[in-house]
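The paragraphs below go through the model one region at a time. Please keep the sequence and the coordinates open while reading.

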Amino acid sequence: MKLAIDSAQSSGSIALHDGAKLLYSAYFDIRVTHSETLMPAIDTALKLCGIKPVDLQEIYVCEGPGSFTGLRIGVATAKGIAYAGQLPVITHNSLEMLALSCTSAHKNILCVIDAKMNECYAALYDPDLRVIIPPKVLGLKDILVLPISGSIVCGSAANALMPYAEEIGLHFAPAPLNIPRAENLIYLEDYHPGKRYEGKLLADLEPNYLRESTAQIKAAARQKP
């Protein structure tokens with residue numbers, strides 16, 4: 001039994017997969033912190049599906065980039081369950097998790113997630129989820145000079161690119177494809193294996209923030225002469 005967890009953004013998502021089919025999927029964006037929602041959501045999923053913690057075999061978690069607090073909670077939750085059950089944890093990043101929902105468009109996929117401070121987490125994939133441009137922290141002007149013509153755009157920062165749609169030739173994913181889905185972390189294994197942490201290596205699992213937090217950046221700016 002596989003449990004997938006995503007808390008990289010303000011929303012959250014979990015899924016249960018038995019190795020043959022998806023048993024349970026839940027998405028929640030209710031303005032309540034992940035510390036309050038994640039474990040109750042997992043507990044509800046297990047009880048509803050008649051699954052005990054001892055039945056779990058693998059944990060999948062989104063490593064980031066995204067919300068610093070959300071990522072810490074998601075990764076800590078995955079590690080706690082893994083340590084208790086001596087289970088492996090497999091990670092994929094939030095941008096390829098989103099990109100998977102858009103592969104049926106048969107276009108390059110530009111994923112952009114709001115990183116605050118007028119920046120985005122961005123990555124570009126081909127229709128087979130091969131990396132064209134790896135995850136980066138970029139401003140809008142930097143994104144516009146990338147080779148993104150003809151791409152389909154998804155993610156929480158997609159609206160920022162809409163004014164340039166006709167000029168560049170961009171297409172935009174419909175709203176349902178912009179919803180981060182934890183089960184995609186499991187399905188990404190069909191494209192390439194994620195990073196695997198188990199045993200002593202679990203201690204090495206940390207969120208992939210890509211940059212310092214907003215608070216750290218502002219503090220550094222204040223210290224400049």
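Buried means under 20% relative accessible area, exposed over 50%, and partly exposed in between (1.4 Å probe, protein chains only). Helices (H or I, at least four residues) and strands (E, at least two) are DSSP runs, numbered from the N terminus.

The model is predicted: local features need pLDDT of at least 70, side-chain atom pairs count only at pLDDT 80 or more, and totals for chains, interfaces and linings use all residues. Residues are numbered from 1 along each chain as its sequence is written, and side-chain values use heavy atoms, with hydrogens and water left out.

Cys154 is in contact (heavy atoms within 4.5 Å) with Leu98, Ala99, Cys102, Ile109, Leu110, Cys111, Val112, Ala173 and Asn178, leaving aside neighbours within four places in sequence.

Leu110 counts as buried because its relative accessibility is 1%. Beyond four places in sequence, Leu110 touches Ala123, Leu124, Ile143, Ile148, Ser151, Ile152, Val153, Cys154 and Leu161.

Next comes a helix pair. The axes of H1 (residues 34–48) and H2 come within 10 Å and cross at roughly 35 degrees; axes are lines fitted to C-alpha atoms, for helices over the stretch in contact, and angles run from 0 to 180 degrees between N-to-C directions. From H1, His34, Ser35, Leu38, Met39 and Ile42 meet Gly70, Ile73, Gly74, Thr77 and Ile81 of H2.

Ser7 lies in the loop between strand S1 (2–6) and strand S2 (12–17). Is Ser7 buried or exposed? Ser7 counts as buried because its relative accessibility is 3%. The Ser7 side chain reaches the backbone oxygen of Gly70 at 2.7 Å. Leaving aside neighbours within four places in sequence, Ser7 is in contact with His34, Leu38, Gly70, Leu71, Ile73 and Gly74.

Notes: A polar contact is a pair of N or O atoms within 3.5 Å; within protein, one must be able to donate a hydrogen and the other to accept it, and residues adjacent in sequence count only if both atoms are side-chain atoms.
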